[in-house]
Every structure is written in structure tokens, then in C-alpha cells.
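Subject: Structure handover

Hello,

Here is the structure for you to look at. My notes on what turned up in it follow below.

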Amino acid sequence: MRHSIPKAFGLVLRRFREKKQWSQMELAEKADLHLNTIGMFERGERSPSLDTIFRLAKILDAPAEEMIFLVSKELSRR
């Protein structure tokens with residue numbers, strides 16, 4: 001099954017968050033975002049702005065380009 005961009009981003013975001021062993025609440029607090037927003041990102045129900053992607057990448061100690069590459073890779077999976 002191919003993913004939509006929001007769904008692929010959500011999978012990547014969740015992996016990075018879990019690698020830090022953070023809850024959605026912890027990430028939301030660190031990113032100054034609402035908990036529901038993080039949940040919607042991770043479920044692929046909402047797309048983050050470019051500013052938000054860079055903010056999340058910085059907080060997660062992940063280069064934004066790596067996150068985008070992994071989203072692209074996820075999109076190409078069958």
C-alpha cells in the first residue's frame with residue numbers, strides 16, 4: 001500500500017519520537033504544539049508547515065533533509 005505524504009511524514013515523525021523515547025505529550029511541549037496536533041501529524045490527518053518540519057527536526061536532533069528523504073522513501077514503498 002502506498003502512503004500519502006501526510007501519512008508517510010507521520011510514520012517518520014513517530015519513529016524519530018520513539019527513538020528519543022518521548023511521548024507525544026513530551027514532543028508537543030518541546031515543540032510548543034498542541035498534543036492533538038502531534039497526534040494528527042502522526043496519524044497522517046494533518047500536514048505540518050515547512051517551518052514546523054524544521055522545528056520538529058531541530059528538537060528531534062534530526063536533519064530536516066533526512067526526515068524529508070525518509071518520507072520520500074516511505075512514499076516509494078509498496
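First a definition: a residue is buried under 20% relative accessible area, exposed over 50% and partly exposed in between, with a 1.4 Å probe and protein chains only. By that scale S23 is partly exposed, at 31%.

Some ground rules. This is a predicted model, in which local features need pLDDT of at least 70 and side-chain atom pairs count only at pLDDT 80 or more, while totals for chains, interfaces and linings use all residues. Residues are numbered from 1 along each chain as its sequence is written, and side-chain values use heavy atoms, with hydrogens and water left out.

Back to S23. It sits in the loop between α1 and α2. Helices here are DSSP runs (H or I, at least four residues), numbered from the N terminus. The C-alpha atoms of S23 and L35 are 9.8 Å apart, and twelve residues separate the two along the chain.

Next, α2 (residues 24-31). Its buried residues are L27, A28 and A31. K30 has its charged end over the ring of W22, 4.8 Å from the ring centre. The cut-offs for that are NZ of Lys or CZ of Arg within 6 Å of the ring centre and within 35 degrees of the ring normal. Just after α2, D32 has a positive phi of about 55°.

Now the aromatics. The whole structure was searched, and one aromatic pair came up. The ring centres of F9 and F41 lie 6.4 Å apart and the planes meet at 90°, so the pair is edge-to-face. (Rings of Phe, Tyr and Trp, the last by its six-membered ring, pair if their centres lie within 6.5 Å; planes under 30 degrees apart are stacked, over 60 edge-to-face, the rest tilted.) F9 is in helix α1 (residues 5-19) and F41 in helix α3 (residues 35-42), 32 residues apart, so distant parts of the chain are linked.

Last, E74 in helix α5 (residues 64-76). E74 is buried, at 5% relative accessible area. Its side chain makes a polar contact of 3.0 Å with that of R15. (That is a pair of N or O atoms within 3.5 Å; within protein, one must be able to donate a hydrogen and the other to accept it, and residues adjacent in sequence count only if both atoms are side-chain atoms.) Neighbours within four places in sequence aside, E74 is in contact with H3, A8, L11 and R15.

Best wishes

Notes: Helices (H or I, at least four residues) and strands (E, at least two) are DSSP runs, numbered from the N terminus. Contact means heavy atoms within 4.5 Å.
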